[in-house]
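Work through the exercises below on cores, cavities and pockets. Try each task before reading its solution.

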Amino acid sequence: MLLRQAAQALSRRLPTTARRSSPSSFLATSSSVGIDNFVLTPVNLQSKRDIWVWGSPPSSSSSNRRGFADAVVDHEVTHESHWSQFPMAPPDPIIGLTEAYLKDDFPDKVNVGVGAYRCDQGMPFVLPVVREAENELVAEELDHEYSGIAGCPNFVDVALKFAYGDECVPLKENRVAGVQTLSGTGGLRVFGEVLHQFGHKHIYVPNPTWGNHIPIFTNAGLEVRKYRYYDNATSNLDFNGLLDDLQAIPEGSCVLLHACAHNPTGMDPTMEQWKQISNVAKERNLLPFFDCAYQGFASGDARKDAAALRMFVEDGHNIALVQSFSKNFGLYGQRVGALSVVADTPDEAKRVLSQLKVHIRPSYSNPPRHGARIVSKILSSEKKTDEFVEQCMGMAKRIDSMRIKLRNTLEELGSSRSWEHVTKQIGMFAYSGMSKDEVVALREKHHIYCTLDGRISMAGVTSKNVEYIAKAIHDVTEGK
């Protein structure tokens, strides 16, 4: 019925819409409709246009049922795209910020939103020891075969020693299951999936935390809950609130902890406070899951930056740990990371490792090798490791000097606010305490780009722009 109605409609439109053609044969189909001794036949051309052939009926005796076309009606098909119902997703807060910065043609614009180290000239920085190791790898003319599901064994070995220390008892007793991952992000996702599979329904993260933690764990099937961490009113660690919340967490829950240089606040517990956190975790049988993204970069001392997680291991916790080598080794684009779990026995560690591999295989099969080889070459050499420590210390010191200069300049400008927290914080970021409105004003009036929570990447602050940034912050925070 619908086809007949369409044919009738086309018949009425034929004098104005038909394209007369020289006699051409067509293949009548079962969908053909006859009207007044004529036939209207749809011809499927596998395209976005339907061609309707209008002509004399084909001979019924013909094996091909071919006739001659008198006219052709050509109209657009209205098939809906498979993707037409896809809504536009909101831009990533960091990537979107960079895109807005790049479109800004103001000559003195500043991007302090992205968490990537810059030298004092504001340029990306490759550690000399990384370049040296990379050149040696090129000269070795290595193959590009797949790594195993768990990654490069030598990399995993040196990565775990880097975090846990050479004298770590579980390492010596083969009680640590470890795999190479797609930087910290990949390790977080893999462990989130493993937690979910083995009965965990939720995970507790500090408030605030790195923005990507929440979607990573949510997409892994976990409910993300928060515990108090930072007091915005005092720009300081809310330690009493932190302990109260940990004591109220259901027993056996997984708790995410930032090993050092908390992102975004840069405010870490003291070692005495870490000890209290460890005690509460023991009492509540909590599972500590450390995210270690800044070891060596936070203070310039890799051992100091790993002190909290090492203390937890010494206290008998069977922790989980994810490591990223993006910031400390400057290997942002190489996606180098590790995920490890401390077990009770070597056999238990083997079983844990098997489950990590089960989740890696269908996710990304196996990790890339180049960046892992660079880290392996550096940490396998005492000389290169010493060079790395020195160069990492240089990055940390530059950032510390910018913290001091930013605070001093704000105070010299007569700011009515306290900026003491800027120099108390460590690592890549300064949690400025600016409101969302002040951040927007900073961007619109002064072309300085930072995240809406007021987090400033100190890696983007240089001796050339620090005074400009300070004056701009003073302007928007003093209401001028």
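The model is predicted, so to speak of local features a pLDDT of at least 70 is needed, side-chain atom pairs count only at pLDDT 80 or more, and totals for chains, interfaces and linings use all residues. Residues are numbered from 1 along each chain as its sequence is written, and side-chain values use heavy atoms, with hydrogens and water left out.

**Exercise 1. Find the residues with the most contacts inside the largest nonpolar core.**

Step 1. A nonpolar core is a set of buried Ala, Val, Leu, Ile, Met, Phe, Trp, Tyr and Cys residues joined through side-chain atoms within 4.5 Å. Buried means under 20% relative accessible area (exposed is over 50%, partly exposed in between; 1.4 Å probe, protein chains only).

Step 2. The largest core holds 95 residues, and Phe-155, Tyr-164 and Phe-290 have the most contacts inside it. Helix α4, residues 153-164, gives the most to this core, with 8 residues. Helices are DSSP runs of H or I with at least four residues, strands are runs of E with at least two, and both are numbered from the N terminus.

Step 3. Leaving aside neighbours within four places in sequence, Phe-290 is in contact (heavy atoms within 4.5 Å) with residues including Leu-257, Trp-274 and Phe-312.

**Exercise 2. Describe the lining of the largest cavity.**

Step 1. On a 1 Å grid over the protein atoms alone, a cavity is a set of points where a 1.4 Å probe fits but cannot get out; a pocket is an open set with protein on both sides within 12 Å along at least five of seven lines; lining residues have an atom within 4 Å of a point.

Step 2. There are 3 cavities of 30 Å³ or more, and the largest contains about 50 Å³ of space. Among its lining residues are Tyr-227, His-258, His-262 and Trp-274.

Step 3. Strand β13 gives the largest share of this lining, 3 residues. By class, the lining has 9 nonpolar, 2 polar and no charged residues.

**Exercise 3. Which residues lie nearest the centre of the largest pocket?**

Step 1. The volume of the largest pocket is about 1100 Å³.

Step 2. Of the 39 lining residues, Ile-94, Trp-210, Asn-212, Asn-263 and Arg-455 lie nearest the centre.

Step 3. Helix α2 supplies the largest share of the lining, 5 residues. The lining divides into 18 nonpolar, 14 polar and 7 charged residues.

How values were computed:
Points joined across faces, edges and corners; volume = space filled by probe spheres on them. Nonpolar A, V, L, I, M, F, W, Y, C, P; charged D, E, K, R; others polar.
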